[in-house]
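The entries below follow the order in which I worked.

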Amino acid sequence: MLATILRARFTPLLALAVLMAVIPLVAPSAFYLRVAALVWIFALAALGLTILMGYAGQVSLGHAGFLGLGAYGVAIGPAHLGLSPVLSLFLSAAAAGLIAYVVGRPILRLRGYYLAIATLGFGMILALVFNSETAITGGPDGMQVARLTVFGWRISGTQNWYWVAAGALLIGAWIALNLVASPTGRALRALHDSEVAASAVGVDVSRKKLAAFVIGAVYAAFAGGLLAAMNGLITPEAAGFMHSIELVAMVIIGGMGSVIGAVVGAAFLVVLPQALTAFQDYEQALLGLLIMVFMILLPGGIVPTARKWLLERLS
Amino acid sequence: MSLLSVSNIGISFGGVVAVDEVSFQVAPGEVFSIIGPNGAGKTTLFNLVTGIYKPLHGKVLLDGAEVAGLAPHLLVRRGMARTFQNLQIFFRMSALENVMVGCHLAERSFLLADLLGLPSVGRQNRLTRERAMALLTRVGLERHADTEAGGLSYGVLKRLEIARALAAEPRILFLDEPAAGCNAVETEAIDHLIVEIARSGTAVVLIEHDMKLVMRISDRVLVLAQGRPLAEGAPLAVRDNPAVIAAYLGNHGQKEAQRAHG
């Protein structure tokens, strides 16, 4: 019974929804809600990377670049082009997808380390542009972001942002779960295991990789847009190299190829630094140490290991 | 007219000629075996014809159309499927899912529909699942359907690869050592399977080291040695060809064979 529930396709979605409903009831203050909202937003970005890395097996070390595109899109649209913030959010996600398509075509011919380095370079270029185009992006100081307005309702306050972020993540998770169980999802998982066998049964490997790259970029851009709008401020740091690495770490720590894994990984890397502030000077060192310990003890990632353990117990 | 016609195909790697001036034809429903000592270039020849390598020279005609140098995913659309000598299995997917991926070409799939989980995706999935299950049953693996491929034995995976290749509904199927590493019972099952595939009209091109298997089921045999064709013909004629015996066993073997034939 419990094993069947664990294996059911939309169980992760249900578990996520329950968690989202419970947190506001038990959170002692608005600060906790804000951290939770950040977790949902980063989980959305990590989820996009999960589709690329966990399903299709392609590494991207420049994914924060797409996050930055979404974030700056939401900031620049209203400030320089007179567009509504919500329209800017969707437009910049679409633009990120388009850029991913154009950049991905040549990049995704590369494999392994070479692909990693190429995406790294792409992310660095974007961060550089955000940093140096001061007239448009405000340079290193960043820029203010206008409030999002949906049908006359201005989204503000921690509580409202909590629900917006939660809703966005639920939709993202639903789409990711649909994808895994579809012909495209099967093709992605297949080429992850053997590109040569996938192409031998008719899978157009480069086209499928490109699709995963574009989907991942749109997820990241959407998350970036939400992040910028919630914070009301965006700086080039959001698109930086460290952020890209953090996103990759979320996917790996949580568990590659698992939707809930992306959420757990995001929670790990958003909540822990907050929790570790008590250790002051040793915060970064402790965070690094914890990441190492988790990877050594749970090399498959937190969620897949826990799931396997539970299924074995139940059978 | 022959289904597949390969003429004067060749490739070299860094100056070393791996396959040189090889030609052969395969008719529909025929079992055509390629044999030869280790390093003779059999798998390289497979890779040339099935699009993994681009031939340096030569022609590959499938149903009269030139297909040399086409990518594997395009060749399979034209009816050419294959298995691999060193297993190429989707290890983290179940046996059934492996074969479902094999059905990729027959699937109608749109990215947006897949992302939104439209009802059409569910219908397509059910259809693919049924087809894949039927193929697993055909190769005798239906009871392994839901097992992760990584946990299956070598002999089972060999048959799983054949089922996955059959899912593409090929007109010509390339099998690279399907019985390698299999026990006698598994070899017999593969033997029957190949004969049945050929009888259904699909041509089978076979690389195999198990000579008993080759002699039993082949219509014609091509012998390669050092990348060049050595002999071609009916199994028995090829077996008794002194040049073939020499290639396999050296000159000593040739004398032995001559003595045996008295």
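What follows are my notes on a predicted model, taken chain by chain and then residue by residue.

**Entry 1: chain B as a whole.** I began with the secondary structure of chain B, which holds 10 helices and 10 strands. I then asked for its extent, and the C-alpha trace spans about 70 × 40 × 35 Å along its principal axes. For 262 residues a compact globule would have a radius of gyration near 18 Å, and the 20 Å that I find for chain B agrees with this. Of these 262 residues, 44% count as buried.

**Entry 2: the four-stranded sheet of chain B.** In which order do the strands of the antiparallel open sheet run? I read the order as β2-β1-β4-β5 in chain B, with 4 strands and antiparallel pairing. The edge positions belong to β2 (16-26) and β5 (65-66) of chain B, and because each has a single partner strand, one side of each is left without a neighbour in the sheet. Against this sheet packs helix α1 (residues 42-49) of chain B, which touches β1 (4-13), β2 and β4 of chain B and whose direction makes about 65° with that of β2(B).

I next went through two of the pairings. Between β1(B) and β4(B) there are 5 bridges in the antiparallel sense, and here Val6(B) stands opposite Val60(B), a residue of β4(B). Strand β4 (residues 57-62) of chain B also pairs with β5(B), again in the antiparallel sense, over 2 bridges, and Leu62(B) has Ala65(B) in β5(B) as its bridge partner. The hairpin that β4(B) and β5(B) form has 2 residues between the strands, and I noted that Asp63(B) in the turn has a positive phi of about 55°.

**Entry 3: the six-stranded sheet of chain B.** I then turned to the open sheet of 6 strands in chain B, whose order is β6-β7-β8-β3-β9-β10 and whose pairing is mixed. At its edges stand β6 (80-82) and β10 (228-233) of chain B, each with a single partner strand, so one side of each lacks a neighbour in the sheet. From one strand to the next the twist averages 20°. I checked the pairing of β6(B) with strand β7 (residues 172-176) of chain B, which is parallel and runs over 3 bridges; in this pair Arg82(B) stands opposite Phe174(B) of β7(B). Helix α7 (residues 184-199) of chain B packs on the sheet, where it touches β3 (31-35), β7 and β8 (203-207) of chain B, and its direction makes about 145° with that of β8(B).

**Entry 4: helix α5 of chain A.** Helix α5 (residues 85-107) of chain A has 23 residues and reaches 31 Å from its first C-alpha to its last, close to the 33 Å expected at 1.5 Å a residue. I listed the buried residues of α5(A), among them Pro85(A), Leu89(A), Ala93(A), Gly97(A), Val103(A) and Ile107(A). What covers the buried residues of α5(A) includes α4 (63-81), α6 (112-132), β2 (149-150) and α11 of chain A.

**Entry 5: Thr4(A).** I looked up Thr4(A) in helix α1 (residues 2-7) of chain A, and Thr4(A) is exposed, with 9 other C-beta atoms within 10 Å. From Thr4(A) to Arg307(A) the distance is 12 Å, C-alpha to C-alpha, although the two are 303 residues apart in sequence.

**Entry 6: where the chains meet.** Last, I asked for the contacts between the chains, in which 25 residues of chain A meet 34 residues of chain B. On the side of chain A that touches chain B, the elements that give two or more residues are α8 (158-180), α9 (183-193), α10 (195-200) and α11 (205-231) of chain A. The largest share, 8 residues, comes from α9(A). By type, the residues on this side of chain A divide into 14 nonpolar, 7 polar and 4 charged.

Conventions. Residues numbered from 1 in each chain as written. Chains lettered and ligands numbered in written order. Predicted model: local features only at pLDDT ≥ 70, side-chain atom pairs only at ≥ 80, totals over all residues. Contact = placed C-beta atoms within 7 Å. Nonpolar A, V, L, I, M, F, W, Y, C, P; charged D, E, K, R; others polar. Pairing = 2+ DSSP bridges. Axes fitted to C-alpha atoms, helices over the stretch in contact; angles between N-to-C directions. Rg over C-alpha atoms; globule rule 2.2 N^0.38 Å. Buried ≥ 20, exposed ≤ 12 C-beta atoms within 10 Å, placed from the backbone. Expected span 1.5 Å × (residues − 1).
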